[in-house]
Structures are given as C-alpha cells and as structure tokens.
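Morning, everyone. I'll walk you through one model today.

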Amino acid sequence: MTEKLGGVDSGNIYIEGDNLDALKILRETYLGKVKMIYIDPPYNTGHDFIYEDDFSQNADQYNQSSGQLDENGYRMFENIESNGRIHTDWLNMIYPRLKICKDFLSDDGAIFISIDENEQATLKNVCDEIFGEKNFVAGMIWSGGRKNDSKYISVSHEYILCYFKNIDYIKKNKIIWREKKHGLEPIYKEYAFLKKTYKNDYETMTRELRKWYKQLPDESPSKEHAHYKSIYENGIYFPSDISWPGGGGPKYEILHPVTKLPVKIPSRGWITGKTTLEKWIEEGKVAFGEDETKVPTLKSYLKDSEYTVPYSVIYKDGRAASKRLANLMGDKVFENPKDEEILAKIIQFCGVEDDDIVFDFFSGSGTTAHAVMISNLQRSKHVKYILVQIPEIIDPSKAKSEKSKKVAKNALSLLNSLNLPNNICSIAEERIKRAGQALRSQTGVNTDYGFRCFKVDTSNMKNVYYMPSQYNQNLFEELADNIKNDRTALDLLIQVMLDLGIDLSSKIEKITISGKQVFKVADNYLYACFDKDITGEVVKKIAEKHPYYAVFRDYSMATDSVAVNFDQIFNTYSPKTIRKVL
C-alpha cells in the first residue's frame with residue numbers, strides 16, 4: 001500500500017483499490033478494532049459491475065486468462081441478468097469480503113449491510129453462516145418514497161441487515177441501543193422562550209405550550225411529542241398513569257397537599273410502595289388534581305425520556321439525499337447516494353463513541369465519511385472512519401440510461417475542471433472535502449474534517465524469482481537494493497506500520513537526526529529511517545530515544561561496519577527496542 005496525498009494529522013483513512021486486497025492488507029492491523037461496519041455493496045440488479053475472484057490461481061494469472069481485466073487493469077465485470085451464474089458470481093464476490101471483515105469487528109461491534117430484494121434472502125443466508133444466526137439483530141426497512149414506474153407494485157424500500165459480532169458479549173455487558181427522539185430542539189427552544197416570558201407562571205406557560213403544539217404542521221416531528229404539554233418548575237412533562245400495571249398494586253392513603261385529605265386511590269393500586277411514592281412527591285414528580293377527588297398522576301419529564309428504542313422501519317425520501325449531494329457538488333454527479341443523515345443516526349444509536357472506528361469498504365460517493373462528520377458534530381465526539389473504494393473509471397458510454405449518462409457527464413465535467421482523475425474515488429474525495437468545509441462553515445466548529453489517502457499497490461520489494469533465461473550479469477547488482485526504485489520513504493513507512501500492526505491513523509512526525517530524515521510514529525512507539533548513508537552516530541541517537549520499534553533499510557547503511565554493529569549499538573543504549581531491517 002502506498003501513500004497518495006496529505007492529511008497527515010487526520011485520524012480518518014481513505015483507500016483507493018480493490019476492497020478484497022485492502023481487507024487482507026488491513027486485517028492484522030485492525031483486528032478487533034472496528035466498532036461498526038456499514039456497506040452498500042452492488043445489489044446485483046443485472047447492470048452492476050462486481051469484483052471477480054478466483055482462489056485456485058494467482059490473481060494476475062486468472063485475470064489474464066479470463067480476460068476479466070478492464071482497460072485500466074481493474075478486476076470487474078458486468079453481471080448481467082442473462083448470465084446463468086448471476087447469483088453465484090455475486091456470492092463469489094461478497095462471501096470472501098464478509099468472511100474477512102468479521103475479524104475487524106470488536107466484541108461489541110456490529111455490521112449493517114444495505115441490500116434490496118434481488119439478493120436480500122441470499123445475503124441473509126450468507127450472513128447467518130458467517131456471523132452466526134444468533135447474532136442477527138434485525139432486518140431494517142428503509143422506505144425511500146413511492147416509485148410510480150411499476151406495472152404491479154411500487155417497491156419503494158430497501159433493507160439493511162444488521163448483525164452483532166458477539167451477542168453473548170452484548171448480553172453479558174448489558175449493552176443496549178437507543179436513539180435520540182426527533183423534534184426535541186424546537187420544543188426546548190419554545191420552552192426557553194416561555195420561561196423567559198412568564199417566569200414561574202406555569203399555568204400560563206402550559207396553556208401557551210399547548211397552543212404552540214396545535215399550530216405545528218402535521219409532518220413536524222415535534223408534534224409527535226405533543227403529549228408532553230404540561231410545565232412545572234422541573235421542566236416539560238406529561239401526566240402518566242400512576243397505577244400498578246394489570247392491577248393488584250398496593251393501596252394506602254396519600255394526603256392531598258392542599259386539602260390535606262386522602263386522595264382517591266387508583267382502582268389497580270399504586271404503582272409503587274408508600275415510601276417510594278412519598279419520596280417522589282417530595283421530589284415534585286407527582287401531579288395532584290384540584291382536590292382529593294382526583295387520582296394523582298406521575299410527571300414524566302421530557303428531559304428524562306429523550307431516547308427510545310430504534311425502529312426497524314426508516315421513512316426517508318431518497319430524493320432528499322440526492323438533492324443535498326447535488327447542491328454540495330454543484331450538479332448531480334452520483335446516482336442514488338445513501339442518506340448521510342440516516343447513516344449518522346445509525347452510527348449514534350449503535351453506541352459508537354470517541355476514537356471508535358466506522359468501516360465502509362464499498363464506500364461509493366463517500367456518504368459514510370460525511371455521516372461520521374455529522375455525527376461527531378452532533379454529539380461532540382471523535383469517531384474515525386476507514387473507507388475503501390475501487391477507482392472505477394467514469395465512462396458515459398457504459399451508462400444504461402440517458403439519465404445515467406447525464407450524471408456521468410456531469411461528474412466528468414467537474415473532475416476535469418478540477419484536474420482530477422476520472423474515477424469514482426475522485427468524486428468521493430472531493431465530496432468529503434466539500435462536506436467538511438460546509439460543516440465547518442455552518443457550525444464554526446473545528447474538528448477532524450480531513451483524511452489520509454492511500455492506494456493499494458504491489459509490494460515495495462523487488463521480485464527475486466526469475467526464470468533461468470532471465471538471469472544476466474547485472475541482475476545481482478540490481479538486487480543489491482531489495483526495494484523497488486519508484487518507492488518513497490513514506491511508502492516504506494506505511495508498509496512497516498501495517499507489518500507491525502500500527503494504526504494508519506497514528507500520529508506521524510518527520511524529524512531530522514544528524515542530517516537524516518527520521519519518521520517518529522505514535523510519539524515514541526516507532527522510529528524509522530530510510531535515508532542513505534546511515535552512520536553509527538544516527539543509529540546511536542535513535543537508540544537513545546528508546547523507541548519500542550526501530551526500523552532501517554539494509555541498503556542504507558553507510559558501511560559494512562555500521563551494519564555489523566547495528567545490533568550492538570541498540571544492545572548498549574536501548575536493549576528492549578525491537579529492531580527491524582528492510
């Protein structure tokens with residue numbers, strides 16, 4: 001894997017390349033470190049381009065023999081409906097990726113997979129096998145608005161299959177998922193206005209709050225909470241039932257605070273014992289009627305019930321996300337993007353917290369990155385993301401409709417104006433940058449809007465296997481340095497970090513020691529130097545830093561003496577440092 005561009009201070013990762021290759025490369029480094037995976041793979045509708053995999057041959061051998069490489073060298077093909085193996089080909093694509101990605105999840109992690117009816121049943125069976133049927137959480141339904149182009153039934157929904165990594169861990173640690181109710185902010189804003197206007201006149205405040213609810217449009221999410229229509233000194237509440245559910249509750253006398261006479265006892269008995277109820281009365285949690293003839297009620301405060309169990313059905317018109325993305329990019333440059341607001345909602349309710357990782361290896365237009373940024377701002381969190389996307393070339397001639405062709409042309413026009421490569425990754429990277437800029441402008445909050453971008457590549461090491469006919473007099477001289485000539489020091493550093501299991505989002509500093517460039521990673525965890533003519537003095541000064549790891553390039557040692565004394569220097573100044581030579 002090679003480093004493509006900056007963003008060295010960011011904790012977010014964007015990877016260009018085949019996601020199966022990326023999963024294999026990242027597997028050891030991110031084993032058990034990902035809290036949430038969200039993917040939106042090809043739906044196998046008959047016009048999807050999917051990745052071709054074959055495990056009986058070397059990947060390059062298979063691609064050459066099968067002719068599945070496109071003109072840019074990517075292993076993709078169109079899985080058309082007339083193909084008798086359409087479902088098998090799709091399964092061959094999705095199965096190994098799901099199999100590997102399971103290892104990325106932490107014990108309290110979960111995966112969410114978008115799919116439609118074409119492969120929903122197939123995907124469910126595959127996931128039951130890979131993740132375990134007992135780890136199935138739910139099949140969520142995403143209703144994206146009515147479609148009127150069907151002859152029979154307007155299929156206007158998709159699915160999101162959700163699985164835990166380890167349901168036993170979830171149960172043992174009593175982990176629950178909750179989402180914040182919508183429409184609360186306008187209510188709190190109105191309450192603040194009423195409190196400022198009417199001070200402690202709770203009766204008038206209650207009356208005005210009820211008027212405010214009535215004037216709201218029916219589609220307002222705040223109207224769903226209109227039963228929270230009473231106000232007292234502790235806030236907004238609704239009078240809930242104070243009786244024992246199902247009957248048979250305790251019955252005892254409670255005096256009315258004004259008349260001092262026993263109030264009417266609920267026919268099903270009180271909801272709790274006398275000691276607890278008297279404590280609630282003292283805390284202002286019980287609302288009494290005008291006199292003792294009324295049964296009291298329990299004050300259920302809005303501030304105490306802001307969260308609810310997530311629903312399995314999501315109602316959100318899919319055109320809204322398309323419109324927002326078009327406005328952000330200046331035109332419609334991507335078809336059917338997922339809704340970043342819904343993904344932000346899922347990120348929040350599944351318990352993603354500070355420094356957790358959200359992983360999307362079918363990242364498309366970059367919606368997941370946008371959603372993470374939104375969620376971070378809404379909750380003042382620092383969640384990181386890793387996105388992977390193959391740099392599929394945007395080609396209007398391959399579009400299946402005039403609408404798709406127009407979108408592709410719009411995308412090319414934008415990319416050409418920015419002098420960017422004509423592929424999906426360029427669109428996604430530009431979208432993430434613009435989304436970050438827009439969010440910073442809207443909120444004024446400085447957080448991590450950036451990302452580090454990498455590209456899946458071949459090994460940094462030269463090929464050492466040759467046919468006898470390929471040997472010549474100069475071959476051994478060419479192999480004196482085992483690193484490929486076009487690889488940079490940063491390329492080598494990334495390889496080292498992956499080999500040692502160091503998070504790619506770790507802090508990387510470039511420092512100078514005795515005139516040589518040295519990478520300092522994760523504070524004092526790793527020191528790496530790949531410059532030429534490394535002297536014993538450079539090795540000594542790095543050893544004196546007492547890093548956990550120290551990595552050098554074999555060909556870079558100034559003399560044979562330095563190479564021979566390398567270990568002795570560290571044994572003298574930092575014997576516990578783990579040394580590695582490329």
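This is a predicted model. Take Cys162 to see why. The closest cysteine sulfur to that of Cys162 sits in Cys350, 7.6 Å away. A disulfide needs the two sulfurs within 2.5 Å, so this pair is too far apart for a bond.

Is Cys162 buried or exposed? Buried, because its relative accessibility is 1%. Cys529 counts as buried too, at 0%.

Next, the sheet near the end of my list of strands. It is an open sheet of 5 strands, in the order E19-E20-E21-E22-E23, and the pairing is mixed. Which strands form the edges? E19, residues 508–513, and E23, residues 578–581; each of them pairs on one side only. On average, neighbouring strands here are turned by 20° against each other, direction ignored.

Look at one pairing in detail. E20 covers residues 516–521, E21 covers 526–529, and the two run antiparallel, joined by 3 bridges. Within that pairing, Lys520 has Tyr527 of E21 as its bridge partner.

Two helices touch this sheet. Helix H15, residues 489–499, packs on it and touches E19, E20, E21, E22 and E23. The direction of H15 makes about 30° with that of E20. Helix H16, residues 536–543, lies across E19, E20, E21 and E22. H16 runs at about 130° to E19.

Now zoom in on Ile511. Ile511 counts as partly exposed, because its relative accessibility is 23%, and buried would need under 20%. Which residues does Ile511 contact, leaving aside neighbours within four places in sequence? Lys516, Gln517, Val518, Lys520 and Tyr527. Ile511 and Tyr527 are 16 residues apart along the chain, and their C-alpha atoms are separated by 9.8 Å.

On to the nonpolar cores. In soluble globular proteins, nonpolar side chains tend to be buried together. Here, the largest core has 58 residues. Leu98, Phe359, Leu493 and Leu526 have the most contacts inside it. Which element gives this core its largest share? H15, with 7 residues.

Leu98 is worth a click. Not counting residues up to four places away in sequence, Leu98 touches Ile39, Ile111, Ile113, Leu123, Val126, Cys127, Ile130 and Phe131. There is also a second, separate core, of 53 residues. Its members include Ala371, Leu387, Ala435 and Cys453.

E10, residues 230–232, pairs antiparallel with E11, residues 235–240, over 3 bridges. How many residues does the hairpin between E10 and E11 run through? 2. Tyr232 has Gly235 of E11 as its bridge partner. E11 also pairs with E13, residues 297–301, again in the antiparallel sense, over 4 bridges. In that pairing, Tyr237 is partnered with Tyr301 of E13.

Last topic: charges. Side chains of opposite charge can pair when their charged atoms come close. The structure holds 28 salt bridges. I'll show a few.

Start with Asp108 and Lys35. Their closest N and O atoms are 3.5 Å apart. This pair links distant parts of the chain: Asp108 lies in strand E6, residues 105–115, and Lys35 in strand E3, residues 34–39, 73 residues apart. Asp108 is partly exposed at 22% relative accessibility, whereas Lys35 is buried at 10%.

Now a local one. Glu208 pairs with Lys211, with the closest N and O atoms 3.5 Å apart. Both lie in helix H7, residues 202–214, and they sit 3 residues apart, about one turn of the helix. Glu208 counts as partly exposed at 21%, and so does Lys211 at 48%.

Then Glu283 and Lys285, whose side chains meet at 3.2 Å, N to O. Glu283 is partly exposed, with a relative accessible area of 33%. Lys285 is partly exposed as well, at 36%.

Finally, a network. Which residues does it link? Lys316, Arg324, Asp339, Glu340, Glu341 and Arg431, through salt bridges. That's my tour. Over to you.

Technical notes:
Residues numbered from 1 in each chain as written. Predicted model: local features only at pLDDT ≥ 70, side-chain atom pairs only at ≥ 80, totals over all residues. Heavy atoms only, no water. Pairing = 2+ DSSP bridges. Axes fitted to C-alpha atoms, helices over the stretch in contact; angles between N-to-C directions. Contact = heavy atoms within 4.5 Å. Buried < 20%, exposed > 50% of the residue type's maximum accessible area, 1.4 Å probe, protein only. Core = buried A, V, L, I, M, F, W, Y, C linked by side-chain atoms within 4.5 Å. Salt bridge = Lys/Arg side-chain N within 4 Å of Asp/Glu carboxyl O.
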